[in-house]
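Let's take a walk through a protein model together. Have a look at the picture first, and then we'll go through it piece by piece.

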Amino acid sequence: MKYIKIIFILSLGLFFGQCSKDDESFKTYPVPEWSIESPEEYPNSFTAIIKIPDYINTYSEDNDKVAAFIGEECRGIGNLVKSEDGIKRVYYLTIRGSDTETGEIFFKYYNAKLSYMFQSTSPVAFEIDGTYGTYDSPVEIELINI
Amino acid sequence: MRKLISFFSIILFSNLFITVSGQVSLDTINNEEVSKLKEIFEPDIFSDNLFVETAIGTQILFSKDVNNLDFTERFTPYLSLSVGKWFSPYWGASIQVQGFALNGFSTLNGLYLADPQTENIYGNNDPVRDYVTIRPDGTYRHFIRYSNINIGFQLSLMNLIKGYDEQNRWDIIPSLGFGYMRVSEYMGIPNTNTISTNFGLKGTYHLNEKIDINIKSQIALIPDQFDGRIAGDIYESYGSISIGVTYFFKKRGFKRVSPPKAPKIVIDTVYQVIKQVDTVYQVIKDTITIEVILPEEEAKILISELDLKFSFDSIQLLDQSLELRIEELATILIKNSDMKLRIIGHTCDIASHEQNVMVGLARAESIAKKLISRGVSASQLTIESKAFDEPLAPNTNEENRAKNRRVQLILE
């Protein structure tokens, strides 16, 4: 009888404990205030047209933010361009660089709805007047949650 | 279509398995057990063998993508309440309500059936997203609340295989049921109604007259869209394992039909008849005496009835029918070898005395020969002649003379 009681109590614990517990949590961020600090120091530009992967684009909003970084410095801010039906969403970024720019570009994406911050996993080399993707075939960047 | 066929094939084969299992069991048991199965049980009232069963445990959903959820997170509470009845020692039925929570998981593309934002049944705006934590990879958990009401049939394997025995404490009970499953609106999941097919296997231990302890595992097959979401398979399932208690309201068990008992009035009547018969027997015994006739007495009686008469100067019996009686006498003499018989010949007074002595002797000898020819020992017999010396009646007329022409038998 003692064992029956123990099993019963454990079952009740399981019952109440697992009923509707949604205890998952992930790091969230406030809305970032990204800007290019000294644009006059970077006379050259590199154009990137990128899109966010579908699995997270599902949760995208117009106030999501995308930015390009070289090192820790913000070099470009993304501008959202949507198709008429709103399904296609791409970001245009003009990335600034110096005459002797050798740093690699990586992107950060902030999802406003989820407050999650993502960063691209594959760096892109800066080229003066270079392009990375087009509107018709934007580059889907690989992201990791940070 | 192939998946649909597979789905129904599984149900069909499951049913066949249960049926064939039962038949194999019946086929492999011996004649004594077959006769047990054919035993007739007394009908019970409805409340007999009626039970309520409650169980608590855990369950897990088997669905596409649900394995993205941590394994331990997939287990949810399971509750079950059943009311049922055993209609015979071998089968019963029950109505079961079970629930109530399952943990599902999103598909990566979020196909959804009941998207209110599109007029298409297929949408990608799963309303669950507004209620749950979205993972950075875009996936999320579904909190499913449901109830499954089903009617099932159950078999007692122990009774089917070993025969019904009230002392059985263990039993294994497979069940099959069909029912109605309702998923309730909860955390973005809409109300949905589907059908369910339920398979169960239960082990029970009879704790006492009223209570059983049981452990049960159950599998329910349900259409894929049972939670309003298209996961990609034609059907999904969930399994549960639980421990529970079965309570019998009134009498449990079945009573074999015994030979009909006579009413008391019949018993009393039979008793009185036997008593009267006994009384009559005593009266008869007291009033009737059975005489045992000894062989000697029997012989004397027989001899007294033998009227051995002869015609004049003859040794031939007048009455030939007496031959049978002579044979009876011979039988008595044979059986009683110590019995001696004197055979005396008599005559009338016609002719001389010497002649009559010879005639009387010849008559006695003729009777002796009849007896000897039938197996009587000669040593038992003596013959003599009295001629007309000891007449039975005075030889004054022919009638009396006829009476005197005779043989006399004397048992010694």
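This is a predicted model: local features need pLDDT of at least 70, side-chain atom pairs count only at pLDDT 80 or more; totals for chains, interfaces and linings use all residues.

Residues are numbered from 1 along each chain as its sequence is written, chains are lettered from A and ligands numbered from 1 in the order in which they are written, and side-chain values use heavy atoms, with hydrogens and water left out.

Back to β1(B) and its partners. Two strands pair if DSSP finds at least two bridges between them. β1(B) runs antiparallel to β2 (residues 75-86) of chain B, with 11 bridges, and also antiparallel to β8 (residues 235-248) of chain B, with 12 bridges. Take Thr58(B) as an example: its bridge partner in β2(B) is Pro77(B), while in β8(B) the partner is Ile241(B). Chain B as a whole has 8 helices and 12 strands, and 44% of its 412 residues count as buried.

What about the greasy parts? In soluble globular proteins, nonpolar side chains tend to be buried together. A nonpolar core is a set of buried Ala, Val, Leu, Ile, Met, Phe, Trp, Tyr and Cys residues joined through side-chain atoms within 4.5 Å. The largest one here has 40 residues, and Leu93(A), Ile95(A), Ile105(A) and Phe107(A) touch the most other members. Elements of both chains give two or more residues to this core, including β4 (89-97) of chain A and β7 (211-223) of chain B. Apart from it lies another core, of 25 residues, with Met339(B) and Leu341(B) among them. Going back to Phe107(A), its contacts (heavy atoms within 4.5 Å) beyond four places in sequence include Ala48(A), Leu93(A) and Tyr132(A).

On a 1 Å grid over the protein atoms alone, a cavity is a set of points where a 1.4 Å probe fits but cannot get out, and lining residues have an atom within 4 Å of a point. The largest cavity holds about 120 Å³ of space. Of its 16 lining residues, those closest to the centre are Ser94(B), Gln96(B), Gln154(B), Ser175(B) and Lys216(B). β5(B) gives the most to this lining, with 4 residues.

Most residues other than glycine have a negative phi, and most peptide bonds are trans. Yet the peptide bond from Gly99(B) to Phe100(B) is cis, with omega near -5 degrees, and Phe100(B) sits in strand β3 of chain B. Met187(B), in the loop between β5 and β6 of chain B, has a positive phi of about 50 degrees although it is not a glycine. Met187(B) is buried, at 18% relative accessible area.

Definitions and conventions
Buried means under 20% relative accessible area, exposed over 50%, partly exposed in between (1.4 Å probe, protein chains only). On a 1 Å grid over the protein atoms alone, a cavity is a set of points where a 1.4 Å probe fits but cannot get out, and a pocket is an open set with protein on both sides within 12 Å along at least five of seven lines; lining residues have an atom within 4 Å of a point. Grid points are joined across faces, edges and corners, and a volume is the space filled by probe spheres set on the points.
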